[in-house]
Amino acid sequence: MRLSHLNALRALEATIRHGSFTAAANEIGITPAAVGQRVRSLEDYIGRPLLERTSSGVIPLDEARDIARLLTAGFSSIAGGLQQLLLEPTRNRVSVTLPASFAENWFTPAISEFYRRHAEIDLRLDASNRDVDLLAEDFDFAIRYGQPVADPLEEILLFGDQVFPVCSPEFAARHDLNPQSRTLRGVPLIHVLNRTSDPGWAGFHGWARAFGFDARGLEQGVRYSRISSGLQSAILGQGLVICGLTEAFNAIKAGKLALPFGPSMRLKTHYQYRLIWVKHQKITPLQEDFRTWLLQRAAAFVAESSDLLPDPVLL
C-alpha cells in the first residue's frame, strides 16, 4: 500500500475540524500559510479542490467532509499503533520536543532533579522551534508555547508567562534606572528578533507604550537572533533586554539580573506553556512519572515566581 502526503492530510484534517487555517496552525505548531500550502499541495496532487476559501475561514467541500472522520480516526490509529510497537523497546525512554529558549533557560536547570530519581532514563530532547507533528514524529511529549490544542491531542497547562525588561544590577545603577524612570533615551538596548506570534508579547515599543515611557530612542542598540545571547549580554552589563519570566527567572533568582523598574511593570502574555501528547497513546510508567514530575515542577515554579515577584502583573 502506497501512502503519501501525510503532512498534507494532517493539515486538511485539522483545517476541516477547526474551520480555519489559523486554528489548524495553532494545533499543529506551524504557520497558517504553511497549513494552506500543505492543503494546496494535496489538492494539486488529486487534481481538484477540497476546500472553499472565504473571508471568514474555510468550508470543506462535500468530498472533504465525507472523509473528515476517517482522517481523524486514521491519524489516531496510526499514532496508537506506532506507540504500541515502540512501547516495550523504549520503556526507559522519554522523548520530548520543546522550544529552544525554554529548554536552555527553564528545563535544563530543572531536569537534574528528575535524573536523580531515574538514573536509567534515556531522555531525548529536541530543543528547537521547528515544525513538529506529534502524530507523524517519534516524540512522547511536546512542550509548546501557544493556544489550547484539540483532538487528537491532549494537554495539561503548565503556566503562563510575563514580559519585562531586565539588566544587570550594575547596569541599572550606572544608567540610573528605577521605578520613576520614564525614558530609555541613551540607554543601550538589546533586541531579540523573531520572538513569537503571541499577540500579548511586547518588544520595547509595546512595553514602553503600556507603562507611559517616552517612545523616542527605542530603535537603537544591538540585535540578536537568540534570547540566550541577549540574556548573556545583559548579564555582562551590556544593555537592557526584554524577555519572559521563564527565560530570566534563574538569573534573577541568582542576582545576575534585576528588574530595574520594579516588579509591577510587567505584561501578561496571551499564550501559555502546555504539555501535549497524543490522546489514547500508551504511556510507560517512566513517562507517566515524567509527566507527574513536570507538573509538580511547574507548580513549584509558579509558587517561586509569586515569592520572587510579589506585585501583581499590572496589565
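Biologist: How many of the six residues of strand 3 are buried?
Modeller: This is a predicted model, so keep that in mind. Strand 3 covers residues 93-98 and is largely enclosed by the rest of the structure. Arg93, Ser95 and Thr97 point one way, Val94, Val96 and Leu98 point the other way, and all are buried. That puts the buried count for strand 3 at six of the six.

Biologist: Which residue of strand 4 is the bridge partner of threonine 97?
Modeller: Strand 3 and strand 4 (residues 122-127) run parallel, with six bridges joining them. Thr97 points the way Arg93 and Ser95 do from strand 3. Its bridge partner in strand 4 is aspartate 126.

Biologist: What is the handedness of the β-α-β crossover from strand 3 to strand 4?
Modeller: The two strands are parallel and joined by six bridges. Between them the chain goes through helix 5, residues 100-117. The crossover from strand 3 to strand 4 is right-handed.

Biologist: And in strand 5, which residue is the bridge partner of valine 96?
Modeller: Strand 5 takes in residues 141-146 and runs parallel to strand 3, with two bridges joining the pair. On the strand 3 side, Val96 points the way Val94 and Leu98 do. In strand 5, valine 96 has as its bridge partner phenylalanine 141.

Biologist: How many residues apart are arginine 10 and aspartate 133?
Modeller: Their side chains form a salt bridge, 3.5 Å from N to O, and both residues are buried. Arginine 10 belongs to helix 1 (residues 6-18), while aspartate 133 lies in the loop between strand 4 and strand 5. The pair links distant parts of the chain, and the separation in residues is 123.

Biologist: What does arginine 124 count as at 44% relative accessibility?
Modeller: Arginine 124 forms a salt bridge with aspartate 122, with the closest N and O atoms 2.8 Å apart. Aspartate 122 is at 30% relative accessibility, so it counts as partly exposed. At 44%, arginine 124 also falls between the 20% and 50% cut-offs, so arginine 124 counts as partly exposed.

How values were computed. Residues numbered from 1 in each chain as written. Predicted model: local features only at pLDDT ≥ 70, side-chain atom pairs only at ≥ 80, totals over all residues. Heavy atoms only, no water. Buried < 20%, exposed > 50% of the residue type's maximum accessible area, 1.4 Å probe, protein only. Helix = DSSP H or I, 4+ residues; strand = E, 2+ residues; numbered from the N terminus. Pairing = 2+ DSSP bridges. Right-handed = clockwise from strand over helix to strand, strands pointing away. Salt bridge = Lys/Arg side-chain N within 4 Å of Asp/Glu carboxyl O.
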